[in-house]
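Here are a few exercises to work through with the sequence and the 3D view side by side. Try each task before you read its solution.

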Amino acid sequence: MVATGTVVAPADTVAASSRHYRRSWAGWGFLAPFALVFTVVFLAPIAYSIYLSLFQDRLIGGNSFVGADNYKQALQDPAFWESVRRVALFLVVQVPIMLFLALLAALAIDGGRLYGASLFRIAIFLPYAVPAVVATLMWGFMYGSQFGLIGSINDSLGLSLPDPLGPKWVLASIGNIVTWEFIGYNMLIFYSALRVIPASLYEAAAIDGASELRIIRAIKLPAIRGALVIATIFSIIGSFQLFNEPNILHYVAKNAINTQYTPNMYAYSLSFSGQQYNYSATIAIIMGLLTMVIAYTVQLRGMRKAL
């Protein structure tokens, strides 16, 4: 008699299936350390912030669930929107200036006609190696009209230069500090992109009689469009995260910089000075969403033009 209904898999098929199973789990094993760190330091804080933003700590009832009440309050908060408008103005003015100067420096180095290009490249990049706190303290001392460089110039030459730490000029002064810090960083991004352009394109353009300006416009700038988009996105994110420079200058320019000067300073003061952790988390979540939307929009427009 012959038994029916039972299929015996060949030994080589079972072995192959076992090897495939081990390989699939080996990939997850390599990914696990990163996934764990990513979850702990990125996803978990975001989830906890969202959780905090849905509650309010009340005198009666303690920590109570309020749903979207914190978000409604933030959207009607004039102090919050004033800080958003301030960093938006900072972004619109400072970022184009910084990226233009960085691009100009990268083109000058890549052109091969700049004397001492290596030293110039190091000198431009060096401010990025200076910690933001140190850079702000250094510039804050130079800005001082009572004790710093501006005050010394006024006393020595009998001048009356505008106070860089006054209400009218302090945002421009912060923009100057940030520009000084990050020109070298963006210059390195642009210069790296320029170095991968094939030299044959330059040779063909030179044979056709193209000028250096024409080569920049027709070859170099289109070729580094992706790098320009990336640098712009990084700069947008950095502008909305503006915190170190105004927070440090606050102690020497209290009449011009308050604790609500930028959204990050506002959230910081709410949390550490006002003990309003729930509302602070709400401000942080809104700013994160706003930054993400603007950065993604810039990326889409930049890549669409590149195509």
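This is a predicted model: local features need pLDDT of at least 70, side-chain atom pairs count only at pLDDT 80 or more; totals for chains, interfaces and linings use all residues.

**Exercise 1: the largest pocket**

The largest pocket holds about 680 Å³ of space.

Residues are numbered from 1 along each chain as its sequence is written, and side-chain values use heavy atoms, with hydrogens and water left out.

*Solution.* 
- Step 1: On a 1 Å grid over the protein atoms alone, where a 1.4 Å probe is used, a pocket is an open set of points with protein on both sides within 12 Å along at least five of seven lines, and lining residues have an atom within 4 Å of a point. The volume is the space filled by probe spheres set on the points.
- Step 2: sort by element. Two or more lining residues come from each of α1 (11-53), α10 (225-240), α12 (263-272) and α13 (277-306); helices here are DSSP runs (H or I, at least four residues), numbered from the N terminus.
- Step 3: check the classes. Nonpolar means Ala, Val, Leu, Ile, Met, Phe, Trp, Tyr, Cys and Pro, charged means Asp, Glu, Lys and Arg, and the others, Gly among them, are polar.

**Exercise 2: the second largest pocket**

Now do the second largest pocket, with a volume of about 330 Å³.

*Solution.* 
- Step 1: its lining has 18 residues, with V178, F182, F234, G238 and S239 nearest the centre.
- Step 2: the elements giving two or more residues to this lining are α3 (78-110), α7 (170-195), α10 and α11 (244-249).
- Step 3: by class, this lining has 10 nonpolar, 7 polar and 1 charged residues.

**Exercise 3: α3 against α7**

At what angle do α3 and α7 pack?

*Solution.* 
- Step 1: the angle is about 40°, and the axes are 7 Å apart. Axes are lines fitted to C-alpha atoms over the stretch in contact, and angles run from 0 to 180 degrees between N-to-C directions.
- Step 2: α3 is therefore oblique to α7. Under 35 degrees counts as roughly parallel, over 145 as roughly antiparallel, 65 to 115 as roughly perpendicular, and the rest as oblique.
- Step 3: the residues of this contact (heavy atoms within 4.5 Å) divide into 20 nonpolar, 4 polar and 3 charged.
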